[in-house]
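The following note sets out numbered points on the model shown below. Please read each point with the sequence and the coordinates to hand.

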Amino acid sequence: MTDPSRHDHLHAVISKAFVSSAITPLEGWIRQQCEMLLGPALKERKMDFINDFAHILPIKVINHMLGVPDRYLQQTLSWVTRIGGDHATSGLRYTLKYKTK
């Protein structure tokens, strides 16, 4: 975790890249990534939402915006964990199970 003043500074710098005019052209690509990440969970009817979706999607989007090839996703995720802490131990880890009708 970062201290509040550093967090505010980093947030101000980074948030400029995520204005709607920057994200709107990526909407189709982002939807494809969502479908790709959610597909296995829909087939298996269960998912670790944080690990399998919420942790990965933002990094995939940022990598895409920076031109970082998908083959570096695991390396980027590793860096994010080192910088921001391990999401799995932060109390945000939940497993969602889909109920069949």
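Is L66 buried or exposed? L66 is exposed, because its relative accessible area is 64%; exposed means over 50% relative accessible area, buried under 20%, and partly exposed in between (1.4 Å probe, protein chains only).

1. Basis of the note. This is a predicted model, in which local features need pLDDT of at least 70 and side-chain atom pairs count only at pLDDT 80 or more, whereas totals for chains, interfaces and linings use all residues. Residues are numbered from 1 along each chain as its sequence is written, and side-chain values use heavy atoms, with hydrogens and water left out.

2. Confidence. The mean pLDDT of the chain (the predictor's confidence in each residue, from 0 to 100) is 82, and 81% of the residues reach 70 or more. Helices (H or I, at least four residues) and strands (E, at least two) are DSSP runs, numbered from the N terminus. Over residues 91-101 the pLDDT stays under 50, and the model has 23 contacts for them beyond four places in sequence; a contact means heavy atoms within 4.5 Å.

3. L66 lies in helix α5. Together with L10, V13, I14, F18, I62 and M65, L66 forms a nonpolar patch on the surface, with about 580 Å² of accessible area in total. The elements that give two or more residues to this patch are α1 (4-15) and α5. Patches are made of residues with over 30% relative accessible area and no salt bridge; like charges are joined within 9 Å, and nonpolar side chains (Val, Leu, Ile, Met, Phe, Trp, Tyr) within 5 Å. Accessible areas come from the Shrake-Rupley method with a 1.4 Å probe, and for residues only the protein chains shown count as cover.

4. Salt bridges. Side chains of opposite charge can pair when their charged atoms come close. A salt bridge is a side-chain nitrogen of Lys or Arg within 4 Å of a carboxyl oxygen of Asp or Glu, and by this rule there are 2 salt bridges. One joins the side chains of E27 and R31 (2.9 Å, N to O); both residues lie in helix α3, 4 residues apart, about one turn of the helix. E27 counts as partly exposed because its relative accessibility is 40%. Another joins D70 and K60 (2.9 Å, N to O). This pair links distant parts of the chain, with D70 in the loop between α5 (57-66) and α6 (73-84) and K60 in helix α5, 10 residues apart. K60 is buried at 3% relative accessibility, whereas D70 is partly exposed at 46%.

5. Q33 and K60. Q33 lies in helix α3 (residues 27-44) and is buried, with a relative accessible area of 9%. The Q33 side chain makes a polar contact with the K60 side chain at 3.1 Å. A polar contact is a pair of N or O atoms within 3.5 Å; within protein, one must be able to donate a hydrogen and the other to accept it, and residues adjacent in sequence count only if both atoms are side-chain atoms. Not counting residues up to four places away in sequence, Q33 touches L57 and K60.

6. From R45 to D48. R45, in the loop between α3 and β1, has a phi near 65°, a positive value in a residue other than glycine. D48 lies in strand β1 (residues 46-48) and is buried at 11% relative accessibility. The D48 side chain reaches the backbone nitrogen of N51 at 3.1 Å.
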